[in-house]
Amino acid sequence: MKNKAILHIFNPEHDIALASNLINFTAPHAGRQLRADFGFLPALWAREGDYVLVEDADRAARAYRRAMRTQDCPVNWITKQQVGTIRWKMVDPWGWDAALCHQLHRAGVRKTALPSEDYVMMIRRLSHRVISAQLLRLLQGDGLVGEAVLCESENDVKRWARKHPRMVLKAPWSSSGRGIRFIDGGMTDYHWGWIRNLLRTQGGVMAEPYYEKVKDFGMEFEATAEGIRFLGLSLFHTTNGAYTGNILATETTKRKMMSRYGVLDLLDAVQRRICDTLDLEDYRGPFGVDMMIVKQEKGFLLHPCVEINLRRTMGHVALALTPTDDDIRKVMRINYENNNYKLRIRKL
């Protein structure tokens, strides 16, 4: 009889693996360390009795108990050496890419539990930032702002730079906080070297105007066979473009926090439009749409699609930790302490 077990995986190097498009991809040191330190994260949303793939079971158990302040753990920890011994009903990673499929198959996971090559290539294609730009155009209207184009040559970049002296350039595929360059008043030889490398390796560079951001946030969704389902808001913090933490609060409390910007009706309209119009083809699973509040002379505007993350996000992690009391607000932060990443949850 087939085993009914479900395997969960935290692979934070996923975005970089998509960019490389190599099956024998080696994650950078930071990605490997995040995976080692936070391998326990899927235990936050896994069902009782599910399995979580980790590098060290004892270390994962300690990290989970420390983060959740509990001695109980609902999941089973399993290592790469053991993962091929079970016939998996389903594998649920942070995000699917060719490198992860290759690693799991080499470890003994049957191909029947893994997505097809075509499915993985679809995820890579839909993860290109040009898809975010297409959604951004669909979401425009009163009170909304945002523009993004794909530059496929140096001349395209120069034309955009003449129009927007202050701009943001982004790699078509890159992880949060990486692959982004802010330009103000001219490009250096360093910038042009980076641009030429992207034109050669990724076929283009995304260009956007620079906006006066006052608030980062996002919406978390799940794509199902019945359509796209909204899961909740994600109010997060970044430092130099890199994620540092999330607010943990009920949806009622998060909406109250966002009401100061006068965009609640816009948020509801954008959320409905994403659910009704975003075409993710055959993709099934979690995804997030990053957004921001932009300052203008009189009030604020909503930028409804900074990027689409076709994978689980830290916003989904935050939703798994949402308190049930409207009066309780916490913050979930990622700290780097003593050469390790730590997840800290504190009351505000």
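This is a predicted model: local features need pLDDT of at least 70, side-chain atom pairs count only at pLDDT 80 or more; totals for chains, interfaces and linings use all residues.
**Entry 1: the open sheet**

I began with a sheet of four strands. I found that the sheet is open, with its strands in the order β3-β2-β1-β4 and parallel pairing. Which strands stand at the edges? They are β3, residues 76–78, and β4, residues 90–93; each has a single partner strand, so one side of each is left without a neighbour in the sheet. I also looked up the twist, and from one strand to the next it averages 30°.

Strand β2, residues 51–53, runs parallel to β3, and three bridges join the two.

**Entry 2**

I looked up two partners for it. Strand β9, residues 213–224, runs antiparallel to β13, with ten bridges joining them. Here K213 stands opposite V294 of β13. Strand β14, residues 300–309, is also antiparallel to β13, and seven bridges join this pair. In this pairing V289 has I308 of β14 as its bridge partner.

**Entry 3: aromatic rings**

Now for the rings: I found twelve aromatic pairs in the structure. One of them is F10 with W94, an edge-to-face pair at 4.9 Å centre to centre, with 90° between the planes. Why does this pair tie together separate parts of the chain? F10 lies in the loop between β1 (6–9) and α1 (14–20), while W94 lies in the loop between β4 and α4 (98–106), so the pair links parts that are 84 residues apart in sequence. Are these two residues buried or exposed? I checked, and both F10 and W94 are buried.

I also came across a cluster: F38, F40, Y336 and Y341 are linked by ring pairs.

**Entry 4: charges over rings**

Last, I looked for charged side chains over rings. R124 lies over the face of W173, at 3.8 Å from the ring centre. K158 has its charged end over the ring of W192, 5.7 Å from the centre of that ring.

Note on methods:
Residues are numbered from 1 along each chain as its sequence is written. Side-chain values use heavy atoms; hydrogens and water are left out. Two strands pair if DSSP finds at least two bridges between them. Axes are lines fitted to C-alpha atoms, for helices over the stretch in contact, and angles run from 0 to 180 degrees between N-to-C directions. Rings of Phe, Tyr and Trp (its six-membered ring) pair if their centres lie within 6.5 Å; planes under 30 degrees apart count as stacked, over 60 as edge-to-face and the rest as tilted. Buried means under 20% relative accessible area, exposed over 50%, partly exposed in between (1.4 Å probe, protein chains only). A charge sits over a ring if NZ of Lys or CZ of Arg is within 6 Å of the ring centre and within 35 degrees of the ring normal.
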